[in-house]
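Dear colleague,

Please find below the structure for your files. A summary of the findings follows it.

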Amino acid sequence: MIPRDLPEIALSVRQPWAWAIIFAGKDVENRSAGSIRVGKMRPGRIALHAASGMREAEYAWAVWRMAQDGVSVPPPGELVRGAIIGSVEVVEIITESDSPWFGGASGLSLKDPEPIEPIPCKGALGFFRWERAKAFAGPVPWMKKWPTAQTSDQSAQSGLFDALEVQFKTPPPKPFGTKK
């Protein structure tokens, strides 16, 4: 069932960033000025779409980045993709911000995220009018390398290993543009 107040207009965001907007306090979605203009992005409440694509390098960097703030990102195979996962208010288009999530020349300032039971949906570029799809995106082979909540729980229950967060000897390379 689709919540009655769920906006008809959505924005697609790659995981785990969509998850971070809904569950981890990510209050800025970085976009180029051109993509904001072409995508007809403007303030107002929107549905948040978790894109079907997710790159391993981007996921690894996000796990490292969010761990700096004490946030544990779900394993990649457990992040819903290809779905509307909630809604959020776009407050304004910004070109500067003190938010630790701001990392580009421009972006969307966000507030009041609200999760929903995921609804399968195909994404599109920019703001788009979304429609229900038949299925969520399935996991891809690289996701199997990462521990799952279930394997961590089994390790903890066995007493052989502590359920540990993913650790990095050095930060993974940032897989996208740098902050100016």
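A nonpolar core is taken here as a set of buried Ala, Val, Leu, Ile, Met, Phe, Trp, Tyr and Cys residues joined through side-chain atoms within 4.5 Å. The model is a predicted one. Its largest nonpolar core holds 37 residues, of which Tyr59 and Met66 touch the most other members. At least two residues of this core come from each of β1 (9–13), α1 (17–23), β3 (44–50), α3 (56–67), β4 (83–94) and β5 (107–120). Apart from this core lies another, of nine residues, including Ala47, Ile84, Cys121 and Phe128.

Beyond residues up to four places away in sequence, Tyr59 touches several residues, among them Pro74, Pro75, Trp142 and Trp146. Pro75 is also in contact with Thr148, as is Glu78. Thr148 is located in the loop between β6 (127–129) and α4 (149–158), and its relative accessible area of 27% makes it partly exposed.

As to aromatic rings, the count comes to six pairs. Trp17 and Trp101 form an edge-to-face pair, 6.4 Å centre to centre with 80° between the planes. Trp17 belongs to helix α1 and Trp101 to the loop between β4 and β5, so this pair ties together parts 84 residues apart in sequence. Both residues, Trp17 and Trp101, are buried. The pair of Trp19 and Phe23 is tilted, because its planes stand at 35°, with the ring centres 6.1 Å apart.

Ring pairs also link Trp17, Trp61, Trp64 and Trp101 into a cluster. Over the face of Trp101 lies Arg65, at 4.6 Å from the ring centre.

With kind regards

Terms used:
Residues are numbered from 1 along each chain as its sequence is written. This is a predicted model: local features need pLDDT of at least 70, side-chain atom pairs count only at pLDDT 80 or more; totals for chains, interfaces and linings use all residues. Side-chain values use heavy atoms; hydrogens and water are left out. Helices (H or I, at least four residues) and strands (E, at least two) are DSSP runs, numbered from the N terminus. Buried means under 20% relative accessible area, exposed over 50%, partly exposed in between (1.4 Å probe, protein chains only). Contact means heavy atoms within 4.5 Å. Rings of Phe, Tyr and Trp (its six-membered ring) pair if their centres lie within 6.5 Å; planes under 30 degrees apart count as stacked, over 60 as edge-to-face and the rest as tilted. A charge sits over a ring if NZ of Lys or CZ of Arg is within 6 Å of the ring centre and within 35 degrees of the ring normal.
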